[in-house]
Amino acid sequence: MKKSLLSLAVSFAVTCSGAAWAQGDAAELEQRIANLEQRLEKSEKTADEALDKASAFEFHGYARSGLLMDDNLNGATGTGPYMTAAGALGGAVGRLGLEDDHYVEVVLDHKSQKEDGSWSKYRIMLADSVETNNEWTGAESQLNVRQVFAEIGNLASFSGAFENASIWAGKRFDRDNFDIHFIDSDIVFLSGTGIGLYDVQLSEDWKANFSIYGRDFGTIDSSGVEVENYIATMNNYMGPWQLMLSGMTAADNEERSADRADTGLHALLAYHAGSFYGMSDGFSKTGVLFGTGLGAELKGIGSNGSLNEDAQAVRLFSYGVTSFADNWRIAPALLAEYSQDRFVDSDEFMWATFNVRVAQELTKNFEMVYEGSYQYMDLDNGVDQADGSYYKATIAPTFKLDTAAGFFERPEIRVTASYVDWSEDLDNYSVSLSDDASTMGEGGEFIIGMQMETWF
Amino acid sequence: MKKSLLSLAVSFAVTCSGAAWAQGDAAELEQRIANLEQRLEKSEKTADEALDKASAFEFHGYARSGLLMDDNLNGATGTGPYMTAAGALGGAVGRLGLEDDHYVEVVLDHKSQKEDGSWSKYRIMLADSVETNNEWTGAESQLNVRQVFAEIGNLASFSGAFENASIWAGKRFDRDNFDIHFIDSDIVFLSGTGIGLYDVQLSEDWKANFSIYGRDFGTIDSSGVEVENYIATMNNYMGPWQLMLSGMTAADNEERSADRADTGLHALLAYHAGSFYGMSDGFSKTGVLFGTGLGAELKGIGSNGSLNEDAQAVRLFSYGVTSFADNWRIAPALLAEYSQDRFVDSDEFMWATFNVRVAQELTKNFEMVYEGSYQYMDLDNGVDQADGSYYKATIAPTFKLDTAAGFFERPEIRVTASYVDWSEDLDNYSVSLSDDASTMGEGGEFIIGMQMETWF
Amino acid sequence: MKKSLLSLAVSFAVTCSGAAWAQGDAAELEQRIANLEQRLEKSEKTADEALDKASAFEFHGYARSGLLMDDNLNGATGTGPYMTAAGALGGAVGRLGLEDDHYVEVVLDHKSQKEDGSWSKYRIMLADSVETNNEWTGAESQLNVRQVFAEIGNLASFSGAFENASIWAGKRFDRDNFDIHFIDSDIVFLSGTGIGLYDVQLSEDWKANFSIYGRDFGTIDSSGVEVENYIATMNNYMGPWQLMLSGMTAADNEERSADRADTGLHALLAYHAGSFYGMSDGFSKTGVLFGTGLGAELKGIGSNGSLNEDAQAVRLFSYGVTSFADNWRIAPALLAEYSQDRFVDSDEFMWATFNVRVAQELTKNFEMVYEGSYQYMDLDNGVDQADGSYYKATIAPTFKLDTAAGFFERPEIRVTASYVDWSEDLDNYSVSLSDDASTMGEGGEFIIGMQMETWF
């Protein structure tokens with residue numbers, strides 16, 4: 001019995017000593033936890049406020065800036081991806097080593113979000129393009145506002161097919177334009193001022209965008225009428241397939257000058273593949289564009305008011321990007337167009353560009369980039385005819401943060417050496433019938449360049 | 001005994017196990033708390049740094065962008081809130097459905113704060129205004145710097161009446177300008193380059209701003225003298241009352257052309273009500289402006305160097321905003337002016353605009369907006385006289401994030417249909433005496449529009 | 001036995017009660033800690049994301065905006081730090097109280113960082129300079145892109161001397177340009193479009209930058225050749241010493257006009273002291289520049305295509321900043337140049353500017369600033385000769401957030417009163433031989449100004 005009493009006492013003592021320790025400690029711990037809770041609550045608010053503020057604004061941009069010199073150590077002139085006679089028709093060639101302009105896009109976005117999840121986005125884009133290498137360009141500046149629009153989405157009162165739709169208005173580049181970067185040409189470039197709906201879900205596999213864009217063609221001197229082209233577009237996506245249909249009307253365009261088209265149709269059918277032509281990782285895009293009348297300007301839909309009423313044009317494109325060996329990447333591209341009765345009833349133009357860019361990743365930060373470009377032209381403006389070929393070969397030692405990140409990792413800092421030549425038949429040829437139209441001039445030029453290019 | 005020994009043993013075992021648990025756990029908890037404390041300290045710093053960085057920069061803006069077409073599907077011309085003959089005198093009409101310009105203001109603010117609480121704010125505003133719906137506007141661009149100023153406040157060495165005062169210098173729009181949004185007209189628009197003090201507390205109920213603004217009127221060809229107008233303003237606030245007094249002098253303005261004013265006086269008396277004319281929630285603003293000489297330009301104080309030395313003008317304004325039923329809002333506005341001897345000794349101008357905008361909130365994201373606008377004009381430029389009326393009716397289906405947030409919630413995405421007409425007597429009338437002055441032309445026009453408008 | 005069973009029971013009870021307290025409390029604490037851990041993890045991510053977002057963008061700028069009036073209350077004309085006849089040669093004088101322009105630089109930086117620590121920086125700078133005090137400057141706007149470049153650094157594959165090197169390309173002001181702020185003149189201003197390497201560590205104490213910049217001199221009308229000047233520079237730093245060597249070539253510059261230089265050499269030797277001439281706290285910079293041919297434009301290296309082939313120039317500079325008593329600061333500056341055969345074979349120009357700015361800190365937010373400026377000129381353009389002196393005295397009551405932070409704390413908001421005079425001999429003199437070259441005009445002018453100046 002004594003022992004069991006003892007046992008009780010001991011038991012108590014131990015227990016109490018355990019409890020006493022735990023209690024003081026716990027109180028202190030509790031205080032520290034309470035402090036933490038208070039501090040964390042404040043810090044959470046600070047972090048949330050900081051994220052909200054930082055997220056309300058976004059800065060995006062594109063820029064290239066560099067210089068080109070010829071083999072006499074003078075500035076190279078007349079170069080660029082649209083340097084050939086077919087360039088006036090949209091016949092771009094490989095851009096690497098040909099650009100000496102300073103082209104910038106400054107995009108400032110303001111975003112807001114309501115508690116119900118609805119959002120708004122406002123975008124303004126300033127752009128500039130100058131040739132001079134000097135730094136004060138007040139006299140040559142082209143700085144201008146290329147986009148200014150607002151978009152709202154995830155709207156509580158939108159449901160059904162419109163549940164995920166967003167609505168926009170203003171001046172803009174269409175969201176779903178896409179390009180062949182390597183030849184600096186969009187496949188489609190729908191733009192102007194208008195209003196539209198994105199992402200209307202017409203069925204489980206069918207999403208569509210609807211828009212009306214207006215563009216200015218100029219003023220009729222005699223009447224003061226402002227001729228505008230209104231382009232209605234339905235752009236459909238079904239899995240990897242895209243079918244984009246546009247109709248347009250510019251009521252009094254034929255009064256600006258005889259025989260100009262006042263309506264047009266435009267269609268694009270494209271296949272966006274998640275692989276390099278089914279052969280390897282990467283992607284590829286292939287398709288065809290067709291247009292008549294005002295729709296015969298196939299890239300910049302509805303942007304050309306000088307087209308003939310009988311104009312017809314068809315364009316093929318295909319390009320892709322893949323790796324073909326350790327540390328080697330390749331990006332072939334094809335763009336070809338046939339058009340007739342484009343500006344006058346008897347003209348007929350055909351051009352086809354094949355371009356290939358290859359990158360050899362030598363270190364994490366350095367790669368050699370090679371580009372070969374070929375263009376065939378057979379051009380007949382109704383008065384003069386010329387056909388022939390254009391060739392370009394470029395090698396570009398290139399620095400970047402991570403060569404393994406691929407063709408679209410930027411910034412790139414590069415020096416370039418290019419050789420450019422073409423058929424003599426093309427030297428003095430111009431698509432334009434105007435007397436002072438610029439021509440290709442003589443080929444056989446060696447060009448050295450230094451350039452940065454970035455986007456973000 | 002064996003059992004009580006057992007009991008002891010058991011007791012110990014349990015107790016020790018309890019104590020051991022508490023101690024080990026406490027140590028572990030303590031460690032976790034210590035870790036939390038460390039991490040939180042770092043995270044607090046990160047959050048503070050992020051907030052500081054995000055707060056040092058602010059992006060604000062205003063933008064409208066859209067297009068207008070007439071009933072022939074051509075671009076509508078000559079429209080806008082200042083489209084009437086009285087527009088040249090500042091006689092604005094309701095803006096809804098009349099704007100086809102792309103006007104943007106890009107405001108970039110840099111803010112800093114010292115540990116003593118004193119702050120600085122630097123603002124630069126870029127602005128642009130073009131008509132074309134095309135997206136490359138290098139040739140038409142008006143992009144320019146409208147504001148660039150710095151302001152400092154909460155200064156340690158400012159006390160007494162100046163304790164809450166801030167001081168600024170540079171080119172700016174005055175902070176306390178205010179407008180009737182619906183007709184795109186400021187009540188007062190004081191601006192230019194200068195220096196000033198805000199928020200000097202002259203007594204418990206009396207706050208005042210002081211400023212000197214300079215504006216350029218042009219150069220005297222013969223002497224090369226640059227004529228500038230210097231405007232000294234005292235702007236007083238007593239409860240809802242505002243009394244703004246300005247005097248100005250442009251020393252050699254009469255040498256630019258005979259009879260031009262070289263001094264001026266300007267006064268504004270306004271009542272800023274926190275209710276809709278005392279009748280319902282909302283707000284209203286009512287007042288009168290008066291000016292002589294260079295002060296007879298009543299909106300843009302001191303901005304017009306062409307005023308006659310005997311010019312006199314008086315302007316009344318009143319507008320307000322309220323809800324008048326579930327999901328219905330209304331905003332009536334009145335602006336009227338009488339002026340005489342404005343540009344020449346014998347001219348006499350009177351115009352009065354009444355505008356009403358009504359919104360019918362149909363869903364959270366969609367409302368119908370209606371605007372009716374009427375302007376009466378009786379204009380005599382000293383040579384020609386005309387009087388008559390202008391009418392406009394507009395209906396505008398409008399999308400926005402939250403219709404219940406009211407008339408000033410943006411962005412708004414709208415389509416508009418308007419009918420505009422006026423008295424024939426006004427067709428060929430112009431306030432200007434110059435031969436090539438533009439006139440109102442013929443009325444009776446139906447106009448369709450698509451537009452976004454935002455500010456933030 | 002019963003008791004010992006009891007004892008067991010009691011012991012259990014007590015122990016359990018102790019354990020229950022500790023356990024319940026611990027469990028609760030543990031839960032609170034677990035909650036904290038969860039919340040903190042989320043908050044850390046939010047804070048990190050916010051900091052990343054806020055850090056990816058930086059807004060920097062410079063701006064001055066103000067007005068000047070003469071003692072007739074008209075706008076002051078012809079003023080500015082380059083107002084003297086020697087200004088055309090780069091002979092700046094003290095700027096305080098002489099500036100009535102609105103000059104702004106808007107710098108937008110985009111930064112990114114990879115996990116391996118490598119970073120990229122993209123910068124675009126918009127700049128504008130107008131004179132008018134009015135706020136809509138569409139007609140006078142000079143808004144343009146002065147810089148657009150990308151830079152990458154801390155590259156994984158760069159090692160040895162290049163370990164800390166960064167590489168850049170595009171249009172830019174060189175990173176290591178430096179100026180005498182008080183007379184608005186750079187010591188060297190290397191700029192243009194090119195490519196370069198910064199911070200190559202040639203030895204422990206020797207760091208160097210390498211660059212090639214191109215600049216445009218214009219087009220030869222007859223041949224269409226674009227003459228460009230290519231400037232190769234090695235800029236060395238050894239402790240406080242800087243030796244900057246540049247060579248340049250503009251292949252066909254002599255074909256733009258006879259006797260123009262087509263090559264040039266330029267050297268700068270500078271000593272950057274971490275004290276005010278070894279006498280007191282502050283800093284000072286002293287050095288000499290020398291150039292021949294196209295290198296004879298000593299500030300804007302390679303920027304002047306009009307230099308004569310025999311042109312030679314040498315320039316001395318020294319300036320510093322220190323406190324010389326409680327609440328008093330001083331910044332003396334000297335800039336002097338001798339050049340000959342600059343534009344024609346027989347010209348000879350000498351000018352020397354001495355400027356001193358003194359600040360008297362009266363309160364934390366207010367100081368009186370005084371500036372005295374003197375320039376001696378002895379100018380012979382090969383046809384006309386003039387020599388004489390220019391004097392300026394300015395007093396400027398100045399507001400800022402913290403006067404104790406020194407001469408380079410901004411923003412400053414100031415009013416200025418200046419008296420400016422010069423030798424009569426200089427009144428009608430111009431360095432230029434062109435008939436309509438502007439001259440200094442008559443001196444003896446009193447000028448009042450209001451201005452803000454900031455950078456950040």
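A residue is buried if 20 or more other C-beta atoms lie within 10 Å of its own. By that count, 48% of the 456 residues of chain A are buried. The model shown in these views is predicted.

**View 1. Chain A as a whole.** Chain A has one helix and 20 strands. Its C-alpha atoms fill a box of roughly 130 × 55 × 50 Å along the principal axes. The radius of gyration of chain A is 31 Å, whereas a compact globule of 456 residues would have one near 23 Å. Take the contacts in chain A between residues at least 6 apart in sequence. Of these, 58% join residues at least 24 apart.

**View 2. The rotation axis at B:Ala47.** Chain B superposes on chain C by a rotation of 120 degrees, with 0.0 Å of shift along the axis and an RMSD of 0.1 Å. The two copies are therefore related as by a three-fold rotation axis. Among the residues of chain B, B:Ala47 comes closest to this axis, with its C-alpha at 2.7 Å. Chain B also superposes on chain A by a rotation of 120 degrees, here with 0.1 Å of shift along the axis and an RMSD of 0.1 Å. For that axis too, the nearest C-alpha in chain B is that of B:Ala47, 2.7 Å away.

**View 3. The side of chain B that touches chain C.** Here 69 residues of chain B are in contact with 66 residues of chain C. Elements of chain B that each supply at least two residues to this side include helix 1 (2-56), strand 2 (102-113), strand 3 (119-130) and strand 4 (144-153). Helix 1 of chain B gives the largest share, 23 residues. By class, this side of chain B has 33 nonpolar, 22 polar and 14 charged residues.

**View 4. The side of chain B that touches chain A.** In this view, 69 residues of chain B are in contact with 70 residues of chain A. Helix 1, strand 1 (57-70), strand 2, strand 19 (412-422) and strand 20 (445-455) of chain B each supply at least two residues of this side. The largest share, 27 residues, comes from helix 1 of chain B. The residues on this side of chain B divide into 34 nonpolar, 26 polar and nine charged.

**View 5. A:Ile413 in the largest nonpolar core.** This core has 105 residues. Within the core, A:Ile413, B:Ile413 and C:Ile413 touch the most other members. Leaving out residues up to four places away in sequence, A:Ile413 touches A:Phe399 and A:Met452 in chain A. Across in chain C, A:Ile413 touches C:Ala150, C:Ile152, C:Ile167, C:Trp168, C:Ala169 and C:Ile195.

**View 6. A:Thr322 and its surroundings.** A:Thr322 sits in strand 14 (residues 312-325) of chain A. Is A:Thr322 buried or exposed? A:Thr322 has 20 C-beta neighbours inside 10 Å, so A:Thr322 counts as buried. Leaving out residues up to four places away in sequence, A:Thr322 touches A:Phe276, A:Ser280, A:Asp281, A:Gly282 and A:Ile330. A:Ile447 is 125 residues from A:Thr322 in sequence, and their C-alpha atoms are 28 Å apart in space.

Terms used
Residues are numbered from 1 along each chain as its sequence is written. Chains are lettered from A and ligands numbered from 1 in the order in which they are written. This is a predicted model: local features need pLDDT of at least 70, side-chain atom pairs count only at pLDDT 80 or more; totals for chains, interfaces and linings use all residues. Two residues are in contact if their C-beta atoms, placed from the backbone, lie within 7 Å. Helices (H or I, at least four residues) and strands (E, at least two) are DSSP runs, numbered from the N terminus. Ala, Val, Leu, Ile, Met, Phe, Trp, Tyr, Cys and Pro count as nonpolar, Asp, Glu, Lys and Arg as charged, and the others, Gly among them, as polar. The radius of gyration is taken over C-alpha atoms; the globule rule is 2.2 Å times the number of residues to the power 0.38. A residue is buried if 20 or more other C-beta atoms lie within 10 Å of its own, exposed if 12 or fewer, and partly exposed in between; C-beta atoms are placed from the backbone. Copies are superposed by least squares on the C-alpha atoms of residues with pLDDT of at least 70 in both. A nonpolar core is a set of buried Ala, Val, Leu, Ile, Met, Phe, Trp, Tyr and Cys residues joined through C-beta atoms within 7 Å.
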